[in-house]
Amino acid sequence: LNIDELSEYNDFFDETIHRFAGIMHGSFVVTSAKQNNGSIGDVIMEYVKMFTHIDLIKFNSILKNFNRNYEHVTKMMDTLGYIEAMISVASFRHLLPYMCTPEFTDGSSMKIKDVYHLALNSPVANSLDESKPVLITGSNASGKSTFLKSVAINALLAQTVNTCPAEEYSAPFYRIYSSMALADNIEAGESYYIVEIKSLKRIVDAVWKPGAKVLCFIDEVLRGTNTVERIAASSEILKNLASNGVMCFAATHDIELTHILEDYYSNYHFTEEVEDDNVVFSYVLQNGRATSRNAIKLLKIIGYDNAIIDNSKRRADDFINTGVYNRNRRFYTTISPSMDILISSNLERMLYILSNGNDAYVAEIQSNLVENGKFEVSGDVLSKLQNTFYAACCDDNGTLETIKNTFNKYGYLCDTHTA
């Protein structure tokens with residue numbers, strides 16, 4: 001290609017061709033055996049080779065020429081590979097809606113503007129400018145994992161092919177690690193939790209190895225174990241990474257971590273809205289911790305039975321108002337959606353926070369629930385519970401009456417959940 005950017009390489013190829021020009025002269029005596037078709041000329045040539053060994057002489061001449069110019073041969077192969085790689089990168093850049101070349105800095109901050117995920121047809125771009133590790137919360141399917149992958153892919157492409165699917169990328173050069181999309185290993189006899197803690201240990205150990213600063217991505221920290229130990233262990237692991245200068249991006253459903261780690265991590269979240277019994281996601285990264293959840297909303301939208309959905313709300317209301325959590329109470333079937341969970345991890349998590357992280361207290365409560373079918377909180381925990389939460393419920397008649405009154409007053413037909 002006769003373009004200015006390749007002039008240096010073209011000059012090198014011209015020189016290399018000149019150096020090996022002599023190889024082609026008479027080389028047919030080495031290669032002619034492949035085209036031998038039994039003609040008189042071919043037969044005569046074979047006799048000449050037998051008497052003179054001209055083919056061996058020519059082969060040794062070619063070999064000596066290669067040995068004399070060995071560095072040119074290897075450099076030519078490297079150069080051809082490099083040009084092919086750059087053509088691939090140029091083609092890749094041409095296919096992107098927009099891209100930038102990265103700026104590598106000596107500081108500790110990462111700045112990314114309008115980063116997007118390559119695998120999405122209509123991706124939502126997000127921006128970030130941070131010097132602290134990042135903790136991302138949000139409801140199910142709101143975009144946490146996709147954002148982590150978007151940043152990870154940008155960092156990897158920046159450090160390999162000098163190309164970023166973003167408007168701007170500025171960061172130090174990193175050693176990149178991840179703990180995402182894990183699975184249990186049946187052949188090795190390892191549960192999901194064992195695979196998970198081994199993956200995290202690899203990142204923790206990397207901090208002490210020589211080299212560039214560590215950039216890591218962790219999706220759903222320690223999801224493979226119970227709530228109390230998950231929060232306790234994951235908070236310490238994430239704190240350890242942050243304290244040792246790791247630029248960590250972690251996604252979690254545990255809002256408690258955003259409070260425990262707020263001195264070490266910057267909080268961001270994704271959120272959603274419910275419109276006409278559909279959950280609508282914006283996929284826009286927002287500052288602060290998440291304030292919404294959608295697990296029960298998704299159950300309703302998918303079509304879970306109203307009795308399953310409704311009874312959990314009644315159970316939660318009873319607990320907040322009385323401090324008694326009783327799984328042996330009467331089971332009500334209703335026309336309103338909520339959800340019935342006999343042993344709720346969210347409730348267990350809440351008690352852990354209300355008791356100032358007293359895991360022995362929470363373990364005793366859960367033991368009472370398993371053995372006796374109920375537990376009761378009192379004193380400071382109950383006081384905090386009632387000061388923080390409000391709970392109420394109504395029967396089916398009250399629900400229908402609310403729907404009727406709302407329609408008569410506002411002309412709006414609301415659903416049973418809203419009522």
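User: Which residues does phenylalanine 92 touch, not counting those up to four places away in sequence?
Analyst: Phenylalanine 92 touches Leu118, Leu157 and Thr163. Contact here means heavy atoms within 4.5 Å.

User: Before I go on, what kind of model is this?
Analyst: This is a predicted model: local features need pLDDT of at least 70, side-chain atom pairs count only at pLDDT 80 or more, and totals for chains, interfaces and linings use all residues. Residues are numbered from 1 along each chain as its sequence is written, and side-chain values use heavy atoms, with hydrogens and water left out.

User: Back to phenylalanine 92. Where is its place?
Analyst: Phenylalanine 92 sits in helix H6. Helices (H or I, at least four residues) and strands (E, at least two) are DSSP runs, numbered from the N terminus.

User: What does phenylalanine 92 count as in terms of accessibility?
Analyst: Phenylalanine 92 has 25% relative accessibility, so it counts as partly exposed. Buried means under 20% relative accessible area, exposed means over 50%, and partly exposed is in between (1.4 Å probe, protein chains only).

User: What separates the C-alpha atoms of phenylalanine 92 and threonine 163?
Analyst: A gap of 9.1 Å. Along the chain, phenylalanine 92 and threonine 163 are 71 residues apart.

User: New topic: H6 and H1. At what angle do their axes cross?
Analyst: The axes of H1 (residues 7-19) and H6 (residues 70-95) cross at roughly 145° and come within 11 Å. Axes are lines fitted to C-alpha atoms, for helices over the stretch in contact, and angles run from 0 to 180 degrees between N-to-C directions.

User: Why give both an angle and a distance?
Analyst: Because two packed helices are described by the angle between their axes and the distance between the axes.

User: Which residues of H1 and H6 meet?
Analyst: H1 brings Tyr9, Phe12, Phe13, Glu15, Thr16 and Arg19. H6 brings His72, Lys75, Met76, Thr79, Leu80, Tyr82 and Ile83. They divide into 7 nonpolar, 3 polar and 3 charged. Ala, Val, Leu, Ile, Met, Phe, Trp, Tyr, Cys and Pro count as nonpolar, Asp, Glu, Lys and Arg as charged, and the others, Gly among them, as polar.

User: Zoom out. How many helices and strands are there in the protein chain?
Analyst: The protein chain has 16 helices and 14 strands. It has 419 residues, and 38% of them count as buried.

User: How many residues are in the largest nonpolar core?
Analyst: The largest nonpolar core has 36 residues. A nonpolar core is a set of buried Ala, Val, Leu, Ile, Met, Phe, Trp, Tyr and Cys residues joined through side-chain atoms within 4.5 Å. Those with the most contacts inside it are Cys216, Ile218, Leu238, Leu241, Cys248, Tyr265 and Leu351. Among the elements that each supply at least two residues are helix H8 (192-206), strand E7 (213-219) and helix H9 (227-243). A second, separate core has 27 residues, including Val134 and Tyr174.

User: What does leucine 241 touch?
Analyst: Leucine 241 touches Ile203, Val204, Val207, Cys216, Ile218, Val246, Cys248 and Tyr265, leaving out residues up to four places away in sequence.

User: Cys216 again. How many residues apart in sequence are alanine 152 and cysteine 216?
Analyst: They are 64 residues apart in sequence and 8.2 Å apart in space, C-alpha to C-alpha. Alanine 152 lies in helix H7 (residues 144-160). Its relative accessibility is 18%, so alanine 152 counts as buried.

User: What about phi? Which value does glutamate 220 have?
Analyst: Glutamate 220 has a positive phi of about 55°, although it is not a glycine. Glutamate 220 lies in the loop between E7 and H9. It is buried, with a relative accessible area of 15%. Aspartate 114 also has a positive phi, near 50°. Aspartate 114 is in strand E2 (residues 110-115) and counts as partly exposed at 25% relative accessibility.

User: Last one: is serine 170 buried or exposed?
Analyst: Serine 170 counts as buried, because its relative accessibility is 11%. It is found in strand E5 (residues 168-171). Serine 170 touches Glu103, Thr105, Ser109, Met110 and Lys111, with residues up to four places away in sequence not counted.
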